[in-house]
Amino acid sequence: MNPACTVIVRIARIEVDSETLLREMRAMLPTLERQEGFLGAETLVRDGNREVIHIVRWRDRGCYDRCQASPELMVAGLRLLEMLQAGALNMTVEVYAPADAPA
């Protein structure tokens with residue numbers, strides 16, 4: 001069995017208020033929840049609300065990869081993509097596996 005997969009999305013606000021950013025992230029959650037292998041998500045906000053961390057857990061890396069190709073998810077995340085392209089925020093996405101998983 002493939003090991004679990006955890007995706008950490010770091011978002012630094014530049015030209016967008018925290019309420020708007022969090023609203024758009026919450027709007028994507030129902031779409032994420034419908035994806036195969038989705039196990040759960042948590043959103044954390046740093047003091048001062050300048051940075052948001054979104055942690056998403058998947059059954060395995062394949063489920064995450066398939067989710068990235070989902071037209072439904074692309075539509076759900078369109079507003080965040082627009083904000084990114086406009087320079088209203090910076091975003092990094094990092095994929096992790098458990099430390100005890102085979103390399």
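Modeller: Let's begin with a word we will need: a residue counts as buried when its relative accessible area is under 20%. Keep in mind that this is a predicted model. W58 has a relative accessible area of 1%, so W58 is buried. F38, at 17% relative accessibility, counts as buried too.

Now for the rings themselves. There are 2 aromatic pairs in the structure. In one of them, the ring centres of F38 and W58 lie 5.7 Å apart and the planes meet at 80°, so this pair is edge-to-face. F38 belongs to strand β2 (residues 38-45) and W58 to strand β3, so their pairing ties together parts that are 20 residues apart in sequence. W58 also pairs with Y64: here the centres are 6.3 Å apart and the planes are at 55°, so the pair is tilted. Together, these ring pairs link F38, W58 and Y64 into a cluster.

Let's follow Y64 into its helix. Helix α2 covers residues 61-68, and C63, Y64 and C67 are buried there. These three residues sit on the same side of α2, because they cover an arc of only 100° around the axis. The buried residues of α2 pack against β1 (5-13), α1, β3 (51-58), α3 (71-76) and β4 (89-96). Finally, look at the N-terminal end of α2, which D60 caps: one of its side-chain oxygens lies 3.1 Å from the backbone nitrogen of G62.

Notes. Residues numbered from 1 in each chain as written. Predicted model: local features only at pLDDT ≥ 70, side-chain atom pairs only at ≥ 80, totals over all residues. Heavy atoms only, no water. Buried < 20%, exposed > 50% of the residue type's maximum accessible area, 1.4 Å probe, protein only. Helix = DSSP H or I, 4+ residues; strand = E, 2+ residues; numbered from the N terminus. Arc of directions from axis to C-beta. Contact = heavy atoms within 4.5 Å. Polar contact = N/O pair within 3.5 Å; in protein donor to acceptor, adjacent residues only side chain to side chain. Phe/Tyr/Trp six-rings, centres within 6.5 Å; stacked < 30°, edge-to-face > 60°.
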